Every structure is written in structure tokens, then in C-alpha cells.
Amino acid sequence: MAAAGALIGAVLAPGSALAGTPHLTVAAEQHLLDRYCRVCHNYDDYAGGVEFETFDPASAYQDPALVERMLRKLRAGMMPPVGKPRPDPRVVQAFATNLENDVDSHEKPSLAMPRLHRLNRAEYANAVHDLLALDVDVSQLLPSDDSSRGFDNQAGTLTLSPALLEAYLSAAAEISRTAIGTATAPTQATYAVAPDTTQNYHVEGLPFGTRGGLLIRHTFPADGTYTFKIFAVNLGNMGNFRPFGEIRGEQLLVYLDDKRVAQVDWDQALHVTRLFEDPADDQQPDPEAGQLRTIDVTIPMTAGPHRVGVTFLATNFAPGLDLNRAFDRSTIETGGIPGYTFYPHIGRVRIEGPVHGSVAKDSPSRERVFLCHPERASEEQACARAIAATLARRAYRGDATAEDVDTLMRFYELGRRDGSFDEGIEALLERTLADPKFIFRVESAPRGLPSGTAYRVSDLDLASRLSFFLWSSIPDDELLDLAQRGDLHRDAVLRREIRRMLADPRASALTTGFADQWLGLRALASFDPVVGSYPDFDDNLRQAFRQEVELLFASILDEDRSVLDLLTANYTFVNERLAMLYGIPGVKGSYFRRIVLGDSESARWGLLGKGAILAITSHPDRTSPVVRGNWVLKTLLGSPAPDPPPNVPSLTPRPSDAAGNARPPTMREQMQQHHADPVCASCHSIMEPIGLALEPFDAIGRWRSEDNGSPIDTVSRLYDGTVVDGPAGVRAFVLRHQEQYLRNFVENLVTYALGRGVEYQDMPTVRRVLHEASGDGYRLRSLIEAVAMSDVFRMNVATQPAPEQGLESAQNLASSGSPAAGIATDPGQ
């Protein structure tokens with residue numbers, strides 16, 4: 001303590017208030033390094049692969065890569081390490097500030113951006129929707145994309161294999177047929193309900209007074225008659241499974257665009273008797289047809305998007321008379337237990353058709369594509385060219401030349417030669433969707449610039465960057481008009497467009513694209529806890545978890561709140577199912593509503609109290625203090641613990657405690673195994689205390705006070721010496737290091753915006769973004785605007801060769817597995 005006090009006294013500038021931030025002299029910085037850093041970071045010990053023997057803080061800018069590593073650790077409070085003497089935190093922050101100022105004053109920004117960037121699946125689907133007013137299920141058309149730096153929109157990983165190229169060509173053909181409405185051949189589309197879905201509740205979007213089932217948004221490819229084949233849930237791996245339920249007379253309802261079109265008696269349609277039958281006799285196969293029994297509903301349909309609801313008339317409102325308390329997940333027991341009632345559940349719906357199909361007469365996509373309808377053959381050529389020019393302008397993001405339109409017209413003529421005008425437009429559209437200019441974001445570069453020269457990107461390329469950042473889609477007409485007039489690069493115009501686009505519903509892509517990946521919410525899809533340990537967990541809860549966090553992030557964006565509110569928000573969004581898990585009374589129904597969390601519910605404030613985060617940081621059979629602690633370090637503070645060595649054994653549960661009492665050990669007691677080995681302890685001492693403070697939440701985010709019958713000890717000493725108590729203590733710890741939290745948030749935002757990883761050269765830009773938004777309380781929209789206004793977002797660096805049209809580069813890659821390889825530019829190819 002005396003040494004720390006002496007250091008503070010030595011570094012405080014004359015007149016500085018002790019409560020303020022100290023001003024460090026160069027001599028004081030050297031003393032700091034000698035006293036606390038060089039003890040480990042020297043030529044002999046070389047801890048972490050870093051030595052400070054020759055490091056001079058007065059010229060820190062000469063080694064920015066090392067300085068940025070230092071800053072990440074210092075701002076997160078991770079250095080000096082656990083158990084080592086530490087200076088006063090104010091001194092550490094003053095040292096970090098000096099290092100930042102030195103590096104930033106000698107900034108050498110990295111303005112290089114990829115000029116060839118393939119659209120990922122989400123961007124492709126959004127682009128098709130905005131271009132054609134058509135929703136497509138890209139998971140059925142294209143394989144999933146690889147991720148790097150935490151996101152799937154990184155140019156370096158969005159490569160193109162021959163198989164993926166074929167998938168793009170097939171997708172273009174299928175989408176064009178559906179958009180024009182010429183897909184008259186019968187097809188099948190199956191929509192399944194997750195097998196662990198509880199269907200005793202109302203499904204949001206379906207009429208009130210119904211329960212279970214599913215709401216389908218399906219685009220019908222052509223006019224004609226379609227059959228909906230409805231299957232009962234199939235859980236045949238369960239011993240007492242009764243697929244048709246145990247309630248007589250249940251009514252199946254089918255809705256089309258919110259209008260009831262069929263009501264069917266479940267038992268009669270499936271020939272279920274339930275007269276003293278053995279469960280083994282009540283099986284799915286129809287002995288006469290040799291197929292699964294189905295309920296078939298046949299309806300004439302028009303082409304285009306429709307909402308199809310398949311559900312049951314709710315008959316379970318009355319209080320249950322079950323002798324046993326039912327689990328919240330209904331598909332745990334489906335028969336055989338006295339006093340337990342299982343209501344019928346829908347397994348899947350298969351849409352077949354069209355039968356007697358005909359080319360669509362009208363649909364949203366046809367309305368979007370057909371700007372004109374020629375009445376005579378002499379008018380067709382001009383109409384087709386107008387359609388081609390309009391499609392090319394939007395699909396190619398303003399970079400449509402006369403040659404591009406001529407290419408599309410040759411495909412129109414090829415389709416028209418052997419078919420109708422509509423089939424000619426279909427061929428034209430298919431060629432548009434298969435063009436490299438649609439599948440790739442291809443940026444141009446000024447001709448003749450020496451390699452390494454920085455330049456401002458064209459307004460059209462800036463429009464494309466902006467729309468894919470904020471909307472994950474193509475620019476709209478207003479943005480393209482500004483770009484083509486050469487006005488978008490003007491600061492005032494660009495700021496106005498950013499704010500307009502953030503107010504557009506399409507900005508929700510920042511939630512599903514950026515937030516979902518930053519927080520790791522996509523891992524919820526594979527989270528499947530052990531049924532015997534968590535019998536109340538079902539898909540209803542899994543979906544509610546994700547929606548709660550997405551609604552929280554959306555509220556921060558829509559209300560322009562500070563990103564610090566992601567940690568401290570005293571409100572959340574719940575439906576009845578989620579409120580049941582959280583123990584929040586008075587919430588009924590499937591729809592989500594905003595509720596205020598009082599002081600007694602403060603453990604649920606912010607991200608750390610959300611079931612989604614607590615679930616994805618758990619193992620299927622238990623909580624994981626290690627995973628939870630590292631999630632906080634990595635996702636919130638950007639300073640993850642080192643990767644574990646290979647072949648680390650799993651925890652071995654101890655049969656008794658140290659006194660020999662026969663009781664299961666608590667998680668804290670099991671974690672002590674990690675501290676027997678000093679090598680393991682060095683990392684686990686960083687992660688575990690954070691996770692142990694979150695132990696009041698079980699593996700599915702439910703609050704508890706005991707672990708294996710013993711009271712949970714929520715007090716932990718963290719790596720920086722701070723003692724925390726429970727989730728509120730962890731939240732306070734992150735807020736104490738909020739500068740690193742904010743830097744990490746912006747670093748992830750910039751990574752997502754640029755489509756490339758953030759390197760040490762980019763960190764001055766990250767700090768500049770934070771500085772510009774600091775006066776506004778770090779509001780989310782201010783941070784987004786500052787990123788989009790930054791030089792790194794608006795500029796690029798010339799490389800050699802630098803062709804005038806970047807598309808040449810894409811096409812020249814054909815011989816080496818080019819992204820453009822195999823995409824014909826002429827109908828004869």
C-alpha cells in the first residue's frame with residue numbers, strides 16, 4: 001500500500017485533485033513499468049510472449065500493435081495479473097490514456113477495404129425481397145455461410161466454390177419462376193413444428209381462442225388448387241406415446257389470410273376411436289394406405305404470399321383436474337400416466353400443388369416487375385427494355401450500363417422466342433439474379449492511382465456500403481438518386497440519409513444481423529438441455545429467449561438509448577411462457593409486452609439477467625461458470641481468456657464433500673478441481689469468479705437459491721481484486737470497466753460495418769467514434785452515425801492493378817475458382 005501511495009503522489013500533477021485522473025510523467029511511466037510490468041515481461045520470463053525491456057512509453061507510437069494489446073488488458077483491469085501487486089486504478093487508467101494519446105497522435109489509418117464482397121444468405125434474401133417484393137427461404141436454396149471475427153458478412157470468408165456457384169444459378173431460376181408466377185408444375189413444401197414445442201398455448205399471429213399449431217407464411221408459385229396435408233406430431237421414441245392425444249372431439253382449424261376455411265373433427269378425420277385401446281394400437285401408420293395418416297384440406301389459391309394458419313380450437317381454458325402436476329413442456333409425457341392429459345399436437349404441414357396450375361395473373365412480385373403490360377407485339381420490345389433497365393439499376397446498385405441492359409435483352413429475346421412475353425421477362429430476370437453484379441458488391445477504383453494511395457469511394461459504392469451496413473440489403477431509389485446525382489458524399493446529406501435509414505423498418509437487420517451474432521444468440525438453436533434435468537424447457541422458451549433480447553436491443557436502437565443501457569436496463573419484454581420461468585406474475589398470452597423490473601428483480605436487469613445469455617453459456621446438464629465468465633470477458637469486454645490446452649478432461653463429480661458427508665457437491669466445490677494445477681488456475685481464476693457470481697441462475701436461466709441442496713455462495717473475488725455479490729455485482733464490475741466495454745462494442749460494430757476484421761491500425765478510429773458519441777451519452781444511433789461518417793467507412797486504398805471497373809477483377813478470377821466463374825454473360829454460353 002505504501003508503494004502504491006508513493007506512486008500516486010509521484011505522478012499527480014501540481015494542483016490535481018486526488019479524485020481526478022492523475023497526470024503521469026514519462027519518469028512515472030517508467031517507474032510503473034519497472035514496478036509492475038517488467039517483473040514478468042522481460043527477456044527471461046517473456047510472459048505472454050511480450051517483453052518491455054526496450055519499450056519506451058515516450059515513443060509508444062513506434063509499436064502500435066504492442067500498445068493496443070496493452071490497452072486491451074489495462075482497460076479491462078486484467079493487468080497486473082491475479083495475485084500480483086497492483087497500482088491504484090486511477091494510475092492505470094492515466095497510463096492507458098497516455099498510451100492512447102501517443103498512438104492516436106501518430107495515427108496511420110488502415111483504409112483498405114475489400115473491393116469484391118459476396119452477399120451472404122441474409123443479404124441475398126433481403127436483396128431479393130427489396131428487388132422483387134418476394135420472400136424466399138434461402139436456407140432451402142443456399143448453404144450456410146462461414147463466419148469470422150464473430151460475423152458472417154466478412155468478405156474474406158465469403159468465397160465461392162463451384163458447388164455454391166451452381167446453387168446460385170439454381171436459386172436464380174427458381175426465384176424468377178416464382179416471381180413471375182410461371183411455376184405451374186406441382187411441388188411440395190413442408191413446414192415442421194419443432195418436436196419439443198408445447199402446443200397448449202395460443203400462437204402469436206393466430207386468432208384468439210385457438211391453441212397450438214403453426215402460422216405459415218408461404219409464397220404460392222402460381223394460381224391453382226393446393227392441398228394442405230396435416231400430420232400429427234411424431235414422438236415415437238417415447239414409450240407411452242399417443243400421437244393423436246387423449247382428448248376427444250378436438251377441432252382442427254385452418255385459416256387462410258386470417259379467414260377460417262376449414263374446421264375438421266380431429267378424431268373423425270384420423271379415424272381415432274380411443275375405446276379401451278392399448279397405446280401400442282394408437283399409432284400413426286394407416287394400415288390400408290400404408291402411409292402416415294393425414295388430414296387433407298384442398299383449397300384454390302392465387303399466386304403470391306399468403307398466411308396459412310393450422311391450429312386447434314382452444315378447449316383447455318378450464319382449470320385442469322390432473323392428479324399430477326404437468327411439466328411446462330407438454331411433450332415430455334404423452335400418455336400412460338394416470339391423471340395426466342395430453343392434447344393433440346400438430347407435427348408438420350405439407351403444402352402440395354398447384355393442381356391445374358396456371359400462370360399468375362397478379363401478385364406483389366409481378367406488380368413490382370411488370371412496369372408495363374404490352375397489348376400488342378409491337379410494344380413488347382420497349383416494355384421489356386424498360387423492365388430490364390429498372391431491374392438492372394436496382395439489382396446492380398446503380399452500376400447498370402447500356403451493355404448490361406443489352407445483355408438482359410438478349411436473354412429476354414431468347415425466352416420470348418419459344419414462349420410468351422412473361423417467359424421472356426422470366427429469362428431476363430433469371431439472368432439478372434445470376435449476374436456477378438448482383439451476387440457481389442463490386443467497387444470501382446479511379447484509374448491510374450499509385451498503389452497505396454487513399455481515395456474517397458464513389459457515391460454509388462458509398463450507397464451500397466451504407467445500405468448493407470444498416471439494412472443488409474440493396475439501396476432504395478432515394479439513396480440511389482442521391483448517389484447518382486453525386487450528392488451522397490456531402491456530410492450533411494450523408495447524415496440525413498443515415499438518420500432516415502435508421503428510422504426505416506429495414507434497420508431491424510441491425511438486430512438480427514449484428515446483435516444476434518455479437519451476443520451469440522444463434523447458438524440458441526442448438527441449445528437442448530437434458531430433459532431429465534430441465535423438463536420444463538421447450539422450443540416455446542427457446543424462441544422467447546431470443547425474442548426478449550432482440551426486443552431489448554431494438555428498443556435501444558428505436559428509442560436511441562445509450563448502449564450502456566444494454567447492461568442496466570430496468571425493463572424487459574416477456575410473454576406468458578417467459579414470465580412463468582422468471583416468476584413474474586400477471587402476464588397472460590403469447591404476445592410480448594414491455595414490463596418494468598423493480599429493485600427486487602434487479603438481477604434481471606440488462607443482458608446478464610436474460611435467459612438467452614444464461615442458456616447459451618451453460619452445458620446441457622449444468623451451468624458452466626467457466627463459459628459464463630469467458631462470455632463476459634469476450635463478448636462484453638473484448639478480452640477473452642486464452643484458449644484451453646488440448647484434451648482437458650471433463651469435471652469429475654465428487655461423491656461427497658471434504659468431511660465425508662454423502663451429498664452432491666456444489667458447482668463452486670467442483671470448480672476447485674481447476675485450481676489443483678497452477679497452469680489451469682492461472683486462466684480459471686480469471687473466468688470462474690465471474691461465472692460463480694452468476695450461479696443463482698440455473699442452466700435455463702431460472703432463479704434458484706440452492707445448488708444440489710446446498711445454499712449458493714454468490715460472493716466472488718474477481719481478477720482485479722474486486723469483491724462482487726451475485727449478478728448485480730458482475731454488472732457493476734463491467735460498468736467499472738465501461739471504457740473497455742464501449743471500445744469493444746464499437747470494435748464489433750466497425751467489424752460488422754466494414755465486412756473485415758478490425759486491426760490495431762483501426763483502433764484510433766474506434767476511439768474517435770467513441771469520442772464523437774461521448775457528448776451524446778454513447779447513444780446507439782450516434783455510434784452508428786459516427787461509424788458511417790468515418791474515413792475508414794468512406795475511403796479505400798488503391799492497389800495494383802486498379803481497373804476502372806472492379807468487375808473486371810471478378811471476371812479475371814475465373815481461371816482460379818473465380819466468384820464470377822461460370823456465370824454466363826451471353827445466352828449462347
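**Close-up 1. Helices α13 and α14 pack against each other in this predicted model.** Helix α13 covers residues 459-470, and helix α14 covers residues 477-484. Their axes lie 8 Å apart. The angle between them is about 155 degrees. Angles over 145 degrees count as roughly antiparallel. α13 and α14 are therefore roughly antiparallel to each other. The crossing of α13 past α14 is right-handed.

**Close-up 2. Residues of α13 meet residues of α14.** From α13 come Asp 459, Leu 460, Ala 463, Leu 466 and Ser 467. Facing them from α14 are Leu 479, Leu 480, Leu 482, Ala 483 and Gln 484. Seven residues of this contact are nonpolar, two are polar and one is charged.

**Close-up 3. Four strands build an open sheet.** The strand order is β3-β10-β5-β6. Pairing in the sheet is antiparallel. β3 (210-220) and β6 (259-265) stand at the edges. Each of these two has a single partner strand, so one side of each is left without a neighbour in the sheet. On average, neighbouring strands are turned by 20 degrees against each other, with direction ignored.

**Close-up 4. Strand β5 is joined to β6.** β5 spans residues 251-256. Six bridges link β5 to β6. The two strands run antiparallel. Look for Leu 252: Val 264 in β6 stands opposite this residue.

Definitions and conventions:
Residues numbered from 1 in each chain as written. Predicted model: local features only at pLDDT ≥ 70, side-chain atom pairs only at ≥ 80, totals over all residues. Heavy atoms only, no water. Axes fitted to C-alpha atoms, helices over the stretch in contact; angles between N-to-C directions. Parallel < 35°, antiparallel > 145°, perpendicular 65-115°, else oblique. Left-handed = near helix turned anticlockwise from the far one by under 90°. Contact = heavy atoms within 4.5 Å. Nonpolar A, V, L, I, M, F, W, Y, C, P; charged D, E, K, R; others polar. Pairing = 2+ DSSP bridges.
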